[in-house]
Amino acid sequence: MADIGLFAAGLFPDAPYDALETAAFYNIWLFLWDDAIDGSGGRELSDADEYSRRSAAFVEHALRCADRFCFCSRDGRPHAPPAPTRTCASFSDVAGRIRAAAGERRPDDLVELAGRLREYMEGCVAEHRARVTGAVPSVEEFYSWRLKTSSTEAFLVLTRILNDITLPHEIFRSKEHVEMGVCVNKLLILINELFSLKKELKDGAFGNLLPITMRELGTDLEGAVHHIIQDIDRCIQDYDRHASTMRSAAAQRHPESLGQVEKLIAAYQCIATAVLNFSINSPRYGLAKYRQADGSFLVEL
């Protein structure tokens, strides 16, 4: 079994214990919810759109930021939208923890988190539809849903809440901050695509980025792997560049926020590092057995 507690500790190395519990419960809920569409259950859903819509309504209501999604009973009185499954319903407990961490000072973060989770769920439906067609997507089509189904954007918001990072809206809305988030998102996707290739080939799964890249670039597997490793290196360099620009801008306009900016930069870096280490040690990918004496990995395909 995957060590979710260790995963949470890697994601939030400086957070108090209650924040680690919240992160662990959130990730358990997310993994289980995703399995309903991404796993065998997803092929049995008669209406993935309805499942996603009802889930998003429940999540938004649980975060107390979407009254317009309240349902009405026959007597006309509003009530909470029902969760489509018991797994989805368990988000109620997770949401309570997140609301407590956010407090009254961060209502905008709760609204954004709900919106990002809705985008994630809609992305899962788009990916599910593409899988059903059996068509091989282009790299652009792949990213059109994968940037959503990674759920990274939602986790960036949760990271700010659980690390108690507060910055002026100008910084959060800056191009540099947005691009830093994109870099983290792509890093997690690229890591997952590399590590999951062998498992997906064995399972006959849909749409790994490596064969998609092979087809689009007209290259072999080694060439596709090299291309993706270059993308990983480019994401890291871009992240550092955007972080440096944001740091410099904050020093000029919001010098009192420099400590929080540094905390934000480090917190986002922890996400990529924790996912990398978690993936290496997870039985899901079976990579630990390929570790060499020098710390590198030699994976047989």
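Select Phe 12, Tyr 26, Trp 29, Phe 91 and Phe 155, which together form one aromatic cluster. This is a predicted model, in which local features need pLDDT of at least 70 and side-chain atom pairs count only at pLDDT 80 or more, while totals for chains, interfaces and linings use all residues. Residues are numbered from 1 along each chain as its sequence is written, and side-chain values use heavy atoms, with hydrogens and water left out.

The structure holds eight aromatic pairs (ring centres of Phe, Tyr or Trp, the last by its six-membered ring, within 6.5 Å; stacked if the planes are under 30 degrees apart, edge-to-face if over 60, tilted otherwise). One of them joins Trp 29 and Phe 91, a tilted pair at 4.6 Å centre to centre with 50° between the planes. Trp 29 lies in helix H2 (residues 17-38) and Phe 91 in helix H6 (residues 91-102), so the pair ties together parts 62 residues apart in sequence; helices are DSSP runs of H or I with at least four residues, numbered from the N terminus. Trp 29 is buried at 2% relative accessible area, and Phe 91 is buried at 0%, where buried means under 20%, exposed over 50% and partly exposed in between, with a 1.4 Å probe and protein chains only.

Next, select Ser 151, in the loop between helix H8 (139-149) and helix H9 (152-162), where phi is near 60°, a positive value in a residue other than glycine. Ser 151 counts as buried, at 10% relative accessibility.

Note on methods
Helix = DSSP H or I, 4+ residues; strand = E, 2+ residues; numbered from the N terminus.
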